[in-house]
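Here's a quick briefing to read alongside the model. Have the sequence and the 3D view open, and let's walk through it topic by topic.

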Amino acid sequence: MSETRDSTRLLPDSAYDDIERECAKYPPAQRQSGIMAALRIAQGHNDGWLAPEMIKHIADVIGVPPIRAYEVATFYNMFSLKPVGKYKICLCTNLPCALRGSAKVAEAFKEKLGIEFGETTPDGKVTLVEGECFGACDNSPVVIVNNTKMHAKITIDKIDDFLAGLDKD
């Protein structure tokens, strides 16, 4: 299929193929189980975020009411509902990470980047967000970059190297 768009298709054809492949993993009556994958695919084709019209569109593609897709998109912090930087840095601040210094790491990130949680650097390079547990408590504090790459045992002393290495990920 070609990578074209028309007025009813907000994504390239390949994205719809990927969504259909994900939904096909479930029985036809459970097609809605592919909603997380569909939103992830859409976000990946939309500069890392989901506009309200995209969420509604994905609901239509999956065949669920728009509120269902919106509930999923707002529940999981892997989905962004506003534009994000080239690198979305998500720092876990739940108890295990907090006990191992994530609050101090968060303050150091904020100071070095000149932004608060939920903000993007003026150059558009980095968005810093607060995250929920990533299930890697033994490696806390933990950071996930762009929902795909986990960095373990982040400390204040490692932040400069971490930020310098973003373009290498």
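Starting at the N terminus, the elements of the protein chain come in the order α-α-α-α-β-α-α-β-β-β-β-α. That makes seven helices and five strands. Keep in mind that this is a predicted model.

**Overall picture**

- The C-alpha trace of the protein chain spans about 50 × 30 × 25 Å along its principal axes.
- The protein chain has 169 residues, and 40% of them count as buried.
- If you take contacts between residues at least 6 apart in sequence, 58% of them join residues at least 24 apart.

**Helix α2 and its cover**

- Helix α2 covers residues 35–44, and seven of its ten residues are buried, so the rest of the structure largely encloses it.
- The buried residues here are I35, A37, A38, L39, I41, A42 and Q43.
- What lies over them? The cover on the buried residues of α2 includes α1 (13–23), α3 (52–62) and α4.

**Aromatic pairs**

- There are two aromatic pairs in the structure.
- One of them is F75 with Y76, an edge-to-face pair at 4.8 Å centre to centre with 85° between the planes.
- F75 is exposed, at a relative accessible area of 64%, while Y76 is partly exposed at 33%.
- F109 and F162 make an edge-to-face pair too, because their ring centres sit 5.6 Å apart and their planes are at 80°.
- F109 belongs to helix α6 (residues 102–113) and F162 to helix α7 (residues 159–164), so this pair ties together parts that are 53 residues apart in sequence.
- Buried or exposed: which is it for F109 and F162? Both residues are buried.

**A charge over a ring**

- R9 lies over the face of Y16.
- The distance from R9 to the ring centre of Y16 is 4.0 Å.

- I67, Y70 and L81 make a nonpolar surface patch of about 270 Å².
- Of these patch members, L81 is in the loop between α4 (66–75) and β1 (87–92).
- L81 has a relative accessible area of 34%, so it counts as partly exposed.

- S140 counts as buried because its relative accessibility is 2%, and buried means under 20%.
- Leaving aside residues up to four places away in sequence, S140 touches P96, C97, R100 and K153.
- For a sense of distance across the model, the C-alpha atoms of S140 and D60 are separated by 39 Å, and the two residues are 80 apart along the chain.

**Positive phi away from glycine**

- N146 is not a glycine, yet its phi is positive, at about 50°.
- You'll find N146 in the loop between β4 and β5 (149–151).
- N146 is at 31% relative accessibility, so it counts as partly exposed.
- K153 is also a non-glycine residue with a positive phi, again about 50°.
- Where does K153 sit? Its place is the loop between β5 and α7.
- K153 is partly exposed, with a relative accessible area of 39%.

Notes. Residues are numbered from 1 along each chain as its sequence is written. This is a predicted model: local features need pLDDT of at least 70, side-chain atom pairs count only at pLDDT 80 or more; totals for chains, interfaces and linings use all residues. Side-chain values use heavy atoms; hydrogens and water are left out. Patches are made of residues with over 30% relative accessible area and no salt bridge: like charges are joined within 9 Å, nonpolar side chains (Val, Leu, Ile, Met, Phe, Trp, Tyr) within 5 Å. Accessible areas come from the Shrake-Rupley method with a 1.4 Å probe; for residues, only the protein chains shown count as cover. A salt bridge is a side-chain nitrogen of Lys or Arg within 4 Å of a carboxyl oxygen of Asp or Glu. Helices (H or I, at least four residues) and strands (E, at least two) are DSSP runs, numbered from the N terminus. Buried means under 20% relative accessible area, exposed over 50%, partly exposed in between (1.4 Å probe, protein chains only). Rings of Phe, Tyr and Trp (its six-membered ring) pair if their centres lie within 6.5 Å; planes under 30 degrees apart count as stacked, over 60 as edge-to-face and the rest as tilted. A charge sits over a ring if NZ of Lys or CZ of Arg is within 6 Å of the ring centre and within 35 degrees of the ring normal. Contact means heavy atoms within 4.5 Å.
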